[in-house]
Amino acid sequence: MPIPPPPTAPQPDPAAVPARLVLQGIGKVYPTVVANDDIGLAVRAGEIRAILGENGAGKSTLMKIIYGVTRPSCGRMFWEGEEVQVESPAHARSLGIGMVFQHFSLFETLTVVENVALALPGKPALDELAQRIVEVSARYGLPVDPRRHIHALSVGERQRVEIIRCLLQDPRLLIMDEPTSVLTPQAVHKLFETLRRLADEGCAILYISHKLDEIRALCHTATVLRGGKVTGECIPAQETPASMARLMIGKELPRCEHDAPQAGGEVRLRLAGLSHASDDPFGTDLRDLHLDVHAGEIVGIAGVSGNGQQELLRVISGEEPLAERFPVQICGVEAGRLSPGRRRRLGMAFVPEERLGRGAVPTMSLADNALLTAAHNQGMVAAGFLRFERARAFARRCIDDFNVKCGGPAAAAKSLSGGNLQKFIVGREILQAPRLLVCAQPTWGVDVGAAAFIRQQIIDLRNRGCAVLVISEELDELFEICDRIAVIAKGRLSPVRAAGATSIEDIGVWMSGLWPGAEHAADAPAATETPHA
Amino acid sequence: MLELEARAEPSRLMSWASPLLAVALMLVGGLVVFAALGKDPVEGFRVFFLNPVKDLYALSELLLKATPLMLCAIGLAIGFRANVWNIGAEGQFMLGAVAATGVALYFGDSESALVLPAMVLAGAAGGAAWAAIPALLRTRFNANEILVSLMLVYVAQLFVSWLVFGPWKDPDGFNFPQTRMFAEAATLPIVIEGTRLHFGFAIALAALVAGYAFMNRSHAGFRMRVAGVAADAARYAGFSAARMIWLGLLLGGAAAGLAGMGEVAGPMGQLTDKVASGYGFAAIIVAFVGRLNALGILLASLLMALLYIGGEQAQQYLNLPNSISMVFQGMLLFFLLGADVFIHYRLRLRRRGA
């Protein structure tokens, strides 16, 4: 992802500017885990401070404490010099603390202005409010039409609505939780401009992320968390990604080994003119997709979310069967009408985007979750009855081979951090020795250490002769692991290019639907305007 | 000020303590009801809750009442776990009774040992067939199974009435709406001499064991549990939603049909228009009080049977209307739903002002 040069960090003079928020010795103990341990932190007016850490390092817990969602077990919090106990998010907002969550909390069937009105105290007049939204959005470069419905907005636009909702309450501290995970490179630039303008006006910003490049480009200062503790503070502009990664994960940033692909493998997945109309009125129709994925190669599909990725994955996995057989061919079998279970028996494995609730059953143990897809393949069923010892043994293998940090095969899936659950699911699929692996967002929200590990496992699987299809919104990731790359935009698939023969910039342009020979190039709007499913 | 705070994990302790809490609150509520009706609460408690367990015969009556509840509830629990909401066990119970009665009447005075097994099969098939209607409508036309199965209860009731007032009416029965009494070979054997407790109780216990094995040990049961808690995960794993709807409804219907067969071939010995008397609906409460779990359902069905018999006792000795047992059932479900909040939340005392 192209990153602008680091800002000439306007290091606030500690003596001149009062600290807006100070935390001292904050701790949060849950029954099974110490989420925060003796955390100290200060953020000043006009400062953009990164909270950097792996998944499970305690970033989210800390932000929830500041925003009044949870209460700390111990420690003190000072707001503009006065000690406070934040009782609730409403209390936090009344103090001037705003938060934009990673997962949006908007009502899809309501308009922008209606959504904003719901978050404000009292019953604001909608016309007046719409006017204020227009003003704020013009001032901070966040163009949004207050009369539009949320479902018609792209992910980037939805995030703008969330930010505007915060800004209308004149926050003096803004907390951003992993805000760029859903944005195109262009949208990230826009967001950073907005945040810088806010900081220039004196707003303090806490920016949670694990993306080192972004933090170096945006943040003045950084507090690094590991295992619930502060492991260091730094000025990102003066650090390298490697040195920050060391603070964050305690060791060197791992790199993936990627050799040249084997040539001439058989076709394991073929899309032969796949078209499919989406049932969802806000979904994307797939139009005439052609793609071959061979044994021993990794093919990546890039694109802004909501351009048909979900629909394509469902059609390939069989969760959404087709009316015809031929458009989806798996290991030489025309599989368009087969159920997901039948496709798995042909040798396909599938890692979905949502881990909890789709890739895994949250309340069930890891052993039970092993049964979810591996029951037949790993001999866990005999005469219709379950062989729990086999399920436990297989779950144990996933845990051991993929370094899943958890309480063992009996641990509930939802007790794992996102990254560890992702490792478990990827492990469960890979250890079944598939002939074709289809992977959606393999490292979404996963920390750098786990992400590198998962990517390496996918590459190793390819080296063993498996065909791999990866659909991801992270271009860096696709370029790191893929042999060939295509782009999906508005339900159409671009030509496939060898990864070495194209660049992140070219693919970024293609993500707007503008690839050579694109018949719809004329009417394709900019990528950020694409409706999100 | 009291406030509810979400627990990090649902409490296992509370999920078992909540039915006990509900029972305790129901008892307290019952004493208040007795007092409000001008009865001595202590006497009321004795008649309602102790009379039904005072001797072997009373206990056998309790088990007799619990038998159909157990059967219906274990069948319903299988579907409920997969979010298949069969509310029509009452109707499936009646159709099971009708099918078994048809077999019994067909064989007449035959002494064949095959009559009873045939009635068992017919009862299960009758209940399952009635449940197949909502399953078909749900999988074909996406018609809500709650409404369809419930409405079919009233159809079943009218069908039974038509039979016993019409073609199946006992010609020597002084025009009462009932069939002929079944022959010896079409009646379930008594398990304990001198009581009315019949072999259906053993069938019900076996059904509990089978239900446990199905839900907790079989792959099909596992698939249904997954579908119940995470429909997207079930779709991802390739578990067919239609199959689960069929399985959930057919098993629930078959169990309810068996219970209906047990009533006509057991204590009643004939089919009347009052055959179901609310077992199918009460079983819904039993299934939930029993946490959709075989052991829990065993205990909950005994409790519910106690309420039925206690109500009869209260009618007899306290001059209270029989609907008193409905009041107790209602209180039990009400308090259970209330107490269940504490599985996911805890109560915190909070100082005023914030």
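This is a predicted model: local features need pLDDT of at least 70, side-chain atom pairs count only at pLDDT 80 or more; totals for chains, interfaces and linings use all residues.
User: How many residues of α11(B) are buried, then?
Analyst: Ten of the eleven residues in helix α11 (279-289) of chain B are buried, so the helix is mostly covered. Among them are B:Tyr279, B:Gly280, B:Ile284, B:Ile285 and B:Phe288.

User: What covers them?
Analyst: The cover includes α1 (12-36), α3 (56-81), α4 (89-107), α10 (241-268), α12 and α13 (324-344) of chain B. Contact here requires C-beta atoms, placed from the backbone, to lie within 7 Å. Just after α11(B), B:Arg291 takes a positive phi of about 60°.

User: You mentioned α12. At what angle does α2 of chain B pack with it?
Analyst: Helix α2 (residues 41-50) and helix α12 (residues 294-318) of chain B pack at an angle of about 135°, with their axes 7 Å apart. That makes α2(B) oblique to α12(B). Axes are lines fitted to C-alpha atoms, for helices over the stretch in contact, and angles run from 0 to 180 degrees between N-to-C directions. Angles under 35 degrees count as roughly parallel, over 145 as roughly antiparallel, 65 to 115 as roughly perpendicular and the rest as oblique.

User: Which residues meet there?
Analyst: From α2(B) come B:Gly44, B:Val47, B:Phe48 and B:Phe49, which meet B:Leu306, B:Gly310, B:Gln313, B:Ala314, B:Tyr317 and B:Leu318 of α12(B). The residues of this contact divide into seven nonpolar, three polar and no charged. Ala, Val, Leu, Ile, Met, Phe, Trp, Tyr, Cys and Pro count as nonpolar, Asp, Glu, Lys and Arg as charged, and the others, Gly among them, as polar.

User: And α7 with α8 in chain B, how do they cross?
Analyst: The axes of α7(B) and helix α8 (residues 219-229) of chain B come within 5 Å and cross at roughly 65°. That makes α7(B) roughly perpendicular to α8(B). B:Phe214, B:Met215, B:Asn216 and B:Arg217 of α7(B) make the contact with B:Ala220, B:Gly221 and B:Arg225 of α8(B). By class, three of these residues are nonpolar, two polar and two charged.

User: Is B:Glu193 buried or exposed?
Analyst: B:Glu193 counts as exposed, because it has 6 C-beta neighbours inside 10 Å. B:Glu193 lies in the loop between α6 (145-165) and α7 (200-217) of chain B.

User: What does chain B amount to overall?
Analyst: Its secondary structure comes to 13 helices and two strands. The radius of gyration of chain B is 22 Å, close to the 20 Å that the globule rule gives for 354 residues, so the chain is as compact as a globular protein of that length. That radius is taken over C-alpha atoms, and the rule is 2.2 Å times the number of residues to the power 0.38. Buried residues make up 50% of chain B.

User: Switching to chain A: what is the strand order in the open sheet of four strands?
Analyst: The order is β12-β11-β14-β15 (chain A), with antiparallel pairing. Two strands pair if DSSP finds at least two bridges between them. β12 (286-294) and β15 (333-334) stand at the edges, each with a single partner strand, so one side of each is left without a neighbour in the sheet. Strand β11 (residues 267-276) of chain A pairs with β12(A) over seven bridges, and A:Ala272 has A:His290 as its bridge partner.

User: Last topic: how many residues of chain A are in contact with chain B?
Analyst: 26 residues of chain A are in contact with 17 residues of chain B. On the side of chain A, the elements giving two or more residues are α10 (340-345), α11 (366-374) and β18 (385-386). By class, that side has 13 nonpolar, nine polar and four charged residues.

Note on methods
Residues are numbered from 1 along each chain as its sequence is written. Chains are lettered from A and ligands numbered from 1 in the order in which they are written. Two residues are in contact if their C-beta atoms, placed from the backbone, lie within 7 Å. A residue is buried if 20 or more other C-beta atoms lie within 10 Å of its own, exposed if 12 or fewer, and partly exposed in between; C-beta atoms are placed from the backbone.
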